[in-house]
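Open the model in your viewer and keep the selection tool at hand. The tour goes from the ligand to the space around it, and then to the backbone.

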Amino acid sequence: MTTQPVRFYSTNRGVEDVLLADALLQGQASDRGLFMPRTIPAFTSEQLAALVDSSYAEIAHAVLRRFTAGMVDDARLQALCEDAYDYPVPLEHVVDRTYVMRLDRGPTASFKDFAARMMARWMGAIMQGDTDLVILTATSGDTGSAVAHAYYGVPHVQSVVLFPVAEVSARQRRQMTTLGKNVTTLGVDGKFDDCQAMVKRAFSDPALSSIRLSSANSINIGRLLPQSVYYVYAYVKLAKKGCTEPAVFSVPSGNFGDMMGAVLAKRMGVPIRKIVIATNANDEVPRFFETGTYSKIVPSLVCLSNAMNVGHPSNLARLVDAYGGWMDETGAIREKPDMGRMRGDFFATSVDDAQTRATIKQAYEKHGLLLEPHGACGWAGLGRYQAAHPEQTGSLMVSVETAHPAKFPDEIQSMLGIDPPVPQALAGLEGKPEHFESATTAYEPFRDFLLTRFGRK
Ligand SMILES: *Cc1c(COP(=O)(O)O)cnc(C)c1O
């Protein structure tokens with residue numbers, strides 16, 4: 001059977017459809033829109049049932065081959081999946097038919113590993129010739145280390161990571177700054193949104209046309225597709241335990257890439273009853289759902305769950321698009337999405353720091369469940385959903401844990417009085433030398449830096 005390659009369109013509707021390899025290399029479309037698959041090949045329930053005994057890598061292959069036709073062949077994709085997904089994906093039973101899916105067992109102990117590792121391997125597979133690809137990434141914490149690790153040592157690729165110096169933990173910083181080689185890190189004296197703005201501007205800057213730039217941010221469709229896989233995985237593995245009813249997934253959200261993975265999975269035929277969107281105090285999206293009016297939070301608020309400190313999520317344009325509307329790159333809604341259908345599919349709620357702390361304590365005392373601040377937002381959001389829907393008590397619910405508790409040792413120690421066990425991935429960073437350059441939020445020096453480093457001489 002030959003599979004027709006899926007084509008990708010821009011949410012700003014100003015460019016021709018492209019194939020995956022193009023969408024990957026461009027990152028953002030030239031009309032500043034975000035790429036979305038024109039068609040989303042669905043699984044039949046028989047096809048889903050056939051995956052119950054498959055490994056994570058095999059399920060990733062089954063999902064992703066629907067999008068990669070024409071870019072990498074099946075056998076190569078299978079090998080890339082095996083190589084990228086060589087770590088466990090625990091579905092921890094908590095109570096009734098409620099589970100926590102731990103996406104924190106990859107090399108940088110955050111869920112960003114799932115997408116970054118696949119995308120890096122895809123780019124490695126399609127890059128050839130003598131120009132290096134320069135991957136620009138703005139990070140609020142975990143993306144940077146996941147991306148830096150994912151591309152570390154990949155030939156023909158340079159990785160440049162911008163992070164807000166004051167907003168990442170020492171351990172998060174060390175995960176990025178101790179690598180070296182083809183990984184360059186810039187500590188920006190500003191917020192995540194500033195880093196993101198610098199990166200976005202670089203992508204549309206004609207003065208940088210001599211550099212082959214690409215992105216690994218969650219605006220890249222290569223980041224999104226792999227994030228649909230674990231929802232498929234969770235559903236088929238829990239179905240094997242007899243939980244075959246539609247699932248509720250609670251997703252701690254910042255830039256909304258993870259949540260869009262769930263939307264894709266739903267469109268692929270995974271029975272999903274509801275997607276709970278749990279943000280921290282940056283509540284622009286829950287307010288949007290409530291009021292139908294969208295306004296960014298500028299500057300974004302600093303919260304414990306620092307990877308979710310986003311005042312204007314880039315993937316929101318994709319969500320609006322998926323529900324028939326149009327949000328442009330400035331965050332303005334040009335055409336309204338179907339709010340009724342959105343409210344039916346999602347339950348959006350904001351969890352502040354006090355509630356995050358209380359949740360970490362409660363989950364541990366009541367269930368022996370160890371959460372860190374991001375996963376605690378998801379768990380608290382799920383609790384609110386359950387309170388609003390007592391009739392669904394005892395049906396299948398999965399809360400997503402996106403980082404390892406050991407990434408937040410001080411918070412965990414102060415709240416629970418325990419030291420979370422440090423996974424191998426995080427051990428041994430303290431002694432290593434760090435390398436990073438300091439930068440302001442001004443754009444021009446950043447441009448000059450890129451030209452000096454990577455511009456054709
Ligand atoms: C990035 C991140 C999030 C938010 O994910 P989005 O896809 O940006 O919504 C949540 N938790 C952790 C630990 C993260 O690193």
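In the counts below, Ala, Val, Leu, Ile, Met, Phe, Trp, Tyr, Cys and Pro are nonpolar, Asp, Glu, Lys and Arg are charged, and the others, Gly among them, are polar. The model is predicted: local features need pLDDT of at least 70, side-chain atom pairs need pLDDT 80 or more, and totals for chains, interfaces and linings use all residues. Numbering starts from 1 along each chain as its sequence is written, and side-chain values use heavy atoms, with hydrogens and water left out.

**Stop 1: the ligand**

The shell divides into 6 nonpolar, 6 polar and 3 charged residues. Of the 15 residues around the ligand, Lys112, Gly254, Asn255, Phe256 and Thr402 come nearest.

Now show polar contacts (pairs of N or O atoms within 3.5 Å). Start at Lys112: a side-chain N or O atom there is 2.5 Å from a ligand oxygen. Go to Thr402, where a side-chain N or O atom lies 2.7 Å from a ligand nitrogen. At Asp258, look at the backbone instead: an N or O atom is 2.8 Å from an oxygen of the ligand. The protein covers 98% of the 380 Å² of accessible area that the ligand has on its own (Shrake-Rupley method, 1.4 Å probe).

**Stop 2: the cavities**

A cavity is a set of points, on a 1 Å grid over the protein atoms alone, where a 1.4 Å probe fits but cannot get out; lining residues have an atom within 4 Å of a point. Points join across faces, edges and corners, and the volume is the space filled by probe spheres set on them.

How many cavities of 30 Å³ or more does a search of the whole structure find? There are 2. Of its 26 lining residues, Phe111, Lys112, Gly254, Asn255 and Ala307 are the closest to its centre. The ligand sits here (more than half of its atoms lie within 2 Å of the grid points).

Color the lining by type: 9 nonpolar, 13 polar and 4 charged.

Move to the second largest cavity, about 110 Å³. Of its 14 lining residues, Leu34, Ser314, Ala317, Asp328 and Glu329 are the closest to the centre.

**Stop 3: the backbone**

Select Val298 and Pro299. A cis peptide bond joins them, with omega about -10°. Pro299 lies in the loop between helix 12 (284-291) and helix 13 (316-322).

Methods
On a 1 Å grid over the protein atoms alone, a cavity is a set of points where a 1.4 Å probe fits but cannot get out, and a pocket is an open set with protein on both sides within 12 Å along at least five of seven lines; lining residues have an atom within 4 Å of a point. A residue is near a molecule or strand if one of its heavy atoms lies within 4 Å of it. A polar contact is a pair of N or O atoms within 3.5 Å; within protein, one must be able to donate a hydrogen and the other to accept it, and residues adjacent in sequence count only if both atoms are side-chain atoms. Helices (H or I, at least four residues) and strands (E, at least two) are DSSP runs, numbered from the N terminus.
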